[in-house]
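Good morning, everyone. Today I shall speak about salt bridges, and I ask you to keep the structure in view as we proceed.

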Amino acid sequence: QVQLVESGGGLVQPGGSLRLSCEASGRTVSTLAMGWFRQVPGKEREFVAALKRNSGTTYTADSKKGRFTVSRDNGKNIVYLRMNNLEPEDTAVYYCAAATGNPIVSSLWNGATYDYWGPGTQVTVSS
């Protein structure tokens, strides 16, 4: 079993930054494929970024490149999502997810790839 808990969300002004954390337990993050997704009520869940297991190679949705960065700290067993230059359109609940297999790169954007999900953390970008 893998447990995931996100933190770091909150209210931020447009142009501001946040760093979300996803703390994992039950398994080390380096042995998991990890993903970040977000969802706005009434809309489909959206892929944000992911890391492959072992290598930690990162993948970011094209629309987020240059502003969002995913990383991990193996010693702390935490995956981070750094978000810069935030826009009101980034307002959403952000979720981290873990896959225990070794999914191919082309499947990392698909939420169905992941076996475990955190409860989410709200990010609100507003002046």
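Let us begin with R38, which forms a salt bridge with E46, their closest N and O atoms lying 2.7 Å apart. By salt bridge I mean a side-chain nitrogen of Lys or Arg within 4 Å of a carboxyl oxygen of Asp or Glu. Please note that this is a predicted model: local features need pLDDT of at least 70, side-chain atom pairs count only at pLDDT 80 or more, and totals for chains, interfaces and linings use all residues. Residues are numbered from 1 along each chain as its sequence is written, and side-chain values use heavy atoms, with hydrogens and water left out.

Is R38 buried or exposed? With a relative accessible area of 9%, R38 is buried; the term means under 20% relative accessible area, while exposed means over 50% and partly exposed lies in between (1.4 Å probe, protein chains only). E46, at 30% relative accessibility, is partly exposed.

R38 also forms a salt bridge with D90, with 2.9 Å between the closest N and O atoms. R38 belongs to strand β4 (residues 33–39) and D90 to the loop between β8 (78–83) and β9 (92–99), so this pair ties together parts 52 residues apart in sequence. Strands here are DSSP runs (E, at least two residues), numbered from the N terminus. D90, like R38, is buried.

Next, E87 and R67 meet in a salt bridge through their side chains, at 4.0 Å from N to O. E87 lies in the loop between β8 and β9, and R67 in the loop between β6 (58–60) and β7 (68–73), 20 residues apart. E87 is partly exposed at 32% relative accessibility, whereas R67 is buried at 12%. Through shared partners, salt bridges join R38, E46, K64, R67, E87 and D90 into one network.

Methods:
Helix = DSSP H or I, 4+ residues; strand = E, 2+ residues; numbered from the N terminus.
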